[in-house]
Amino acid sequence: MKFSLRTYISIARPNHWVKHIFIIPGIVGAIILVRDIDDGLLMRCVLGFSSACLIASANYVINEWLDAMLDLHHPLKCQRPGAKGLLSPVIVVLEYILLAFLGLGLAFMVNKLFFYASVAFIISGIIYNVKPMRTKDWPYLDVMSESINNPIRLLLGWAMVSGATIPPVSFMGTYWLGGAFLMTAKRLSEYRFIINSKGPAAPGQYRKSFQHYTELSLLVSCFVYAIMASFLLSAFLVKYRTELILIFPLLTLLFAYYLYMAMQKASAAQRPEKLYNDKILIVILLLLTFGFIILFFIDIPVLEKLITSRFTEINMK
């Protein structure tokens, strides 16, 4: 088997590093809530993002190898190097070990909290991909175990700023359930795409959990995760900044549009690393960002009164 450096770089999927944008809210949240910034923050961010990218790539490497035979049943993933038999198991193992140890080494240079979160990032990849656990084969558990990488990324960002505190539970829960919505929407899009491409039996051949899903169950799950994420986000915002409740119409639009995307043929929801190409999604995210910034600095006393009051008095005289 001829060695190709490009092939082994590709299975580390550096194009997926864009997903680490989910680390940024952890940084911003810690800066706003902890308000303890020192001169080493920039260096910790550089080391932290580098570590997260390497560890994510280590997880992608084992995913590529262990899913090789299953990827043959996917209309697009059948072209991956693993599915085409282009990988050496020895080199794959060495690449995984190298990426994992380099990532953990950089993590240790940030602080202890970041290091422990990075270890959790590695373990989550093992639990998700490797037997006998391999949670990706179990319906619903596959979504929850994969989306736990979202609160881990949040914690990584937070730890870059503050290694002595952790994010609020409501914030972490929002990230987890929001990630579950995104992962379920991805599965819904994949499920529809595979059936349309290769027939009704193909999804179960590609992913064991798909043997227990239907289009309806995936659609209902999207609604459940979106509602639960919104509930926890409401609890977080009411406690820390009431005015931010006003961004909920935009948040609802974001959930609705992403679900709409997932229902489209050959949807970009199947490839989250390519979502930046969707102009409407980017506009919604920019509006959410600007809304967050504006509402963070504008006080609206009437909102505080409405939320803290048990009832509103009216004069009927």
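**Entry 1: a serine in a loop**

I began with helices, which are DSSP runs of H or I with at least four residues, while strands are runs of E with at least two, and both are numbered from the N terminus. With that settled, I found S162 in the loop between α8 (149-161) and α9 (169-198).

I noted that this is a predicted model, where local features need pLDDT of at least 70 and side-chain atom pairs count only at pLDDT 80 or more, whereas totals for chains, interfaces and linings use all residues. Residues are numbered from 1 along each chain as its sequence is written, and side-chain values use heavy atoms, with hydrogens and water left out.

Is S162 buried or exposed? I looked up its relative accessible area, 6%, and S162 is buried (buried is under 20%, exposed over 50%, partly exposed in between, with a 1.4 Å probe and protein chains only).

Setting aside neighbours within four places in sequence, I found S162 in contact with V34 and L113 (contact means heavy atoms within 4.5 Å).

**Entry 2: rings**

I learned that a pair of aromatic rings is described by the distance of the centres and the angle of the planes. Rings of Phe, Tyr and Trp (its six-membered ring) pair if their centres lie within 6.5 Å; planes under 30 degrees apart are stacked, over 60 edge-to-face, and the rest tilted.

How many aromatic pairs does the whole structure hold? My search gave 15. One of them is F171 with Y175, edge-to-face, at 6.0 Å centre to centre and 80° between the planes. These two are four residues apart in helix α9, so about one helical turn separates F171 from Y175. F171 is buried at 10% relative accessible area, and Y175 is buried at 10% as well.

Next I checked F181 and Y258: the centres are 6.1 Å apart and the planes at 55°, so this pair is tilted. F181 sits in helix α9 and Y258 in helix α12 (residues 248-262), so the pair ties together parts 77 residues apart in sequence. I have F181 as buried at 2% and Y258 as buried at 5%.

I also found a cluster: F22, F171, Y175, F236 and Y240 are linked by ring pairs.

Two arginines went into my notes too. R207 lies over the face of F210, 5.7 Å from the ring centre, and R241 lies over the face of F296, also at 5.7 Å. The rule asks for NZ of Lys or CZ of Arg within 6 Å of the ring centre and within 35 degrees of the ring normal.

**Entry 3: salt bridges**

A salt bridge puts a side-chain nitrogen of Lys or Arg within 4 Å of a carboxyl oxygen of Asp or Glu. I got a count of 13.

In one of them, E64 meets R13, with the closest N and O atoms 3.1 Å apart. E64 is in helix α3 (residues 41-66) and R13 in the loop between α1 (5-10) and α2 (24-34), so the bridge ties together parts 51 residues apart in sequence. E64 is buried at 2%, and R13 is buried at 7%.

I also looked at R134 and D137, whose closest N and O atoms are 3.0 Å apart; both residues are buried.
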